[in-house]
Amino acid sequence: MLLPLAWGSLFFPGLFGLCTWGLRRARPAWTHSDCVMISTRLVSSVQAVLATGSGIIIIRSCRNVVSDRHWLAREYVWFLIPYMIYDAYAMYLCEWYRTGDQNSRHSLTIFRNFLSKNRLMITHHAVILFVLVPVAQRLRGELGDFFVGCIFTAELSTPFVSLGRVLIQLKQQHTLLYKVNGILTLTTFFSCRILLFPFMYWSYGRQQGLSLLQVLFSIPYHCNVANAILIAPQIYWFSLLCKKAARLFDAPPTKKDG
């Protein structure tokens, strides 16, 4: 427990500082705000790769989806806790640099704007820290490492989401890279954050000899409720991505003569 917490507490802030310093040296024309925001995306992508890799290892190691164990299912959660705390601070830091008025950067107004703009993401982080972490580390007992691994793989879409935001930051929205990345973002988000939940139900049903519909009524009620709470914001975020994609690929209207 203590070692992953300690490593995470050093790794994520240290990586953020290193990325910011490296970008300032490599791209002196960029503002400090640009470097901070892009560094935040880079750190998020690194965490996503680590989480996805851990999830794949856990999934491949657990033949019995209920009782098989893998040490990463618990240890990576401890490593994830410092990231969630760091990421909340990084989001505020981005808001701080996004504000043009230097004299009001630390005012209550900026903090309120930060809370208003990031309500859902802050709630997401709070649920992970105060609900999912206790469930994953204590309340589930010795069962369900396979499903913890599945949840880790939901991070696969994060590098593509981050790249899209970096390209917007650099005003590269009209490039081919931005459009291709948009397609990959939609594909990975839908596969790993929405289809993930039917996959977990199907995996359990295959082992127990149950259909997907039978699984819904055979597992404890609170499991269905928890999954519904988890998938609800994913569906909302996916709808926002689809709206952005529709605007991106819509042909511009033809101008009328005269």
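Phe 147 is partly exposed, because its relative accessible area of 23% falls between the limits for buried (under 20% relative accessible area) and exposed (over 50%), as judged with a 1.4 Å probe and protein chains only. Its partner in an aromatic pair is Phe 146, which counts as buried at 5% relative accessibility. The model is a predicted one, in which local features need pLDDT of at least 70 and side-chain atom pairs count only at pLDDT 80 or more, while totals for chains, interfaces and linings use all residues. Residues are numbered from 1 along each chain as its sequence is written, and side-chain values use heavy atoms, with hydrogens and water left out.

**Aromatic rings**

- Rings of Phe, Tyr and Trp (its six-membered ring) pair if their centres lie within 6.5 Å, and planes under 30 degrees apart count as stacked, over 60 as edge-to-face and the rest as tilted; by this rule the count comes to 18 aromatic pairs.
- Trp 96 and Tyr 97 form an edge-to-face pair, because their ring centres are 4.6 Å apart and their planes stand at 85°; Trp 96 and Tyr 97 are both buried.
- Phe 146 and Phe 147 also form an edge-to-face pair, with 5.3 Å from centre to centre and 90° between the planes.
- One aromatic cluster is formed by Phe 11, Phe 12, Phe 16, Tyr 76, Phe 79, Tyr 83, Tyr 86 and Phe 152.

**Helix 1 with helix 2**

- Helices (H or I, at least four residues) are DSSP runs, numbered from the N terminus, and axes are lines fitted to C-alpha atoms over the stretch in contact, with angles from 0 to 180 degrees between N-to-C directions.
- Helix 1 (residues 2–26) packs with helix 2 (residues 32–61) at an angle of about 135°, their axes being 8 Å apart.
- Helix 1 is therefore oblique to helix 2, since angles under 35 degrees count as roughly parallel, over 145 as roughly antiparallel, 65 to 115 as roughly perpendicular and the rest as oblique.
- Where the two helices meet (contact means heavy atoms within 4.5 Å), the residues of helix 1 include Leu 15 and Cys 19, and those of helix 2 include Val 36 and Leu 50.

**Helix 1 with helix 3**

- Helix 1 and helix 3 (residues 72–98) pack at an angle of about 35°, with their axes 8 Å apart.
- Among the residues that meet here are Trp 7 and Pro 13 in helix 1, and Trp 78 and Leu 93 in helix 3.

**Lys 243**

- Lys 243 lies in helix 11 (residues 221–249) and counts as exposed at 52% relative accessibility.
- Lys 243 and Val 133 are 110 residues apart in sequence and, from C-alpha to C-alpha, 32 Å apart in space.
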